[in-house]
Amino acid sequence: MPTRDKSFIESSIVLISMSESSSAVVKDGHSPETLSFREYRPTDSQRFVEIMASAWPKLARSIHVASVEWYVGSATWKETACVSDRAVGVLFGKIDSDITSLGRLRIFLTHLTVYLKSLFGLYGRLPHRLTFIKRGISSERKIAINSPEVDGEITFFAVDTAYRRKGIGKALMGRFIDHAKKKGARRIFVYTTDPGSDWAFYERYGFRKHNSFQDSFMSFAWKEEVTAIIYILDVE
Ligand SMILES: CC(C)(COP(=O)(O)OP(=O)(O)OC[C@H]1O[C@@H](n2cnc3c(N)ncnc32)[C@H](O)[C@@H]1OP(=O)(O)O)[C@@H](O)C(=O)NCCC(=O)NCCS
């Protein structure tokens, strides 16, 4: 049974039209700006680092750069939302049935590369590098242990602060869910944190809380106690 709240899905007063690849968004009552969706391009990475830095300002820039590389190398769905050709939002995800053996190897190599680059200081100044890596690996394992059986995952989701609450996040999510359904996925999960992330969006969208645990990596990076939350959505 679908868990998405229908009134939420249908209530957008901002998105005024939507086709396969584009829609229009009204910005603060002024003239409409065109919102379009396209696949990620390597030139988007710099913008994503900026979007991440505004969403998670307490994290070091080196973490944003490493995270973007991590997400780019491990997603099978990589979509960018643009307003007048400028990237303003991103949703990356993974659908299990999209991952080939080669893809699995690519993901493994990406993770290894990010850890090695962190170890050798290639992302810039990163205090306590070894602790950073150890906690990163431990958090990855904890997420895997605490995750339910699923067919997919949302890995990276953020909208530029200047473009929030205009329906862009909802549109990005809807497009990913549609893709997940087409690929036969029945359940997807997302890892998020409190504090630090707008996890309430997921609850509004119909995700339900599956699990939560103390997040050693994010607590270290965020410099305060952070709880990891695993949400799931039945997409059938
Ligand atoms: C979460 C996020 C991607 C949502 O993007 P968005 O484009 O602002 O979302 P939408 O405009 O499509 O939101 C639609 C509805 O979701 C709900 N919503 C959006 N952000 C919310 C938030 N922070 N808290 C609670 N509900 C929220 C609202 O009900 C909103 O509708 P309304 O404001 O018109 O009533 C954006 O807030 C963001 O980038 N946050 C920082 C990064 C982050 O937390 N990512 C997700 C967790 S990892």
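Predicted model: local features only at pLDDT ≥ 70, side-chain atom pairs only at ≥ 80, totals over all residues.
Start by selecting helix H2 (residues 45–55) together with helix H3 (residues 61–74), which pack at an angle of about 125° with their axes 9 Å apart. That angle makes H2 oblique to H3, and H2 passes H3 in a right-handed crossing. To see the contact itself, show the side chains of Ser-45, Phe-48, Val-49, Met-52 and Ala-53 in H2, which meet Arg-61, His-64, Val-65, Ser-67, Val-68 and Val-72 in H3. The residues of this contact divide into seven nonpolar, three polar and one charged.

Next, select the ligand and its shell of 18 surrounding residues, of which the closest are Arg-164, Gly-169, Lys-170, Asp-198 and Ala-200. Strand E6 (152–159), helix H6 (168–182) and helix H7 (200–205) are the elements that give two or more residues to this shell. Coloured by class, the shell residues divide into eight nonpolar, four polar and six charged.

Then turn to the loop between strand E7 (187–194) and H7, where Pro-195 is found, and select the peptide bond from Asp-194 to Pro-195, which is cis, with omega near 0°.

Asp-85, in the loop between strand E4 (77–83) and strand E5 (86–95), has a positive phi of about 70° although it is not a glycine; Asp-85 counts as exposed because it has 8 C-beta neighbours inside 10 Å. Lys-223, in the loop between helix H8 (216–222) and strand E9 (227–234), is not a glycine but has a positive phi of about 65°, and with 10 C-beta neighbours inside 10 Å Lys-223 counts as exposed.

Terms used. Residues numbered from 1 in each chain as written. Axes fitted to C-alpha atoms, helices over the stretch in contact; angles between N-to-C directions. Helix = DSSP H or I, 4+ residues; strand = E, 2+ residues; numbered from the N terminus. Parallel < 35°, antiparallel > 145°, perpendicular 65-115°, else oblique. Left-handed = near helix turned anticlockwise from the far one by under 90°. Contact = placed C-beta atoms within 7 Å. Nonpolar A, V, L, I, M, F, W, Y, C, P; charged D, E, K, R; others polar. Near = placed C-beta within 6 Å. Buried ≥ 20, exposed ≤ 12 C-beta atoms within 10 Å, placed from the backbone.
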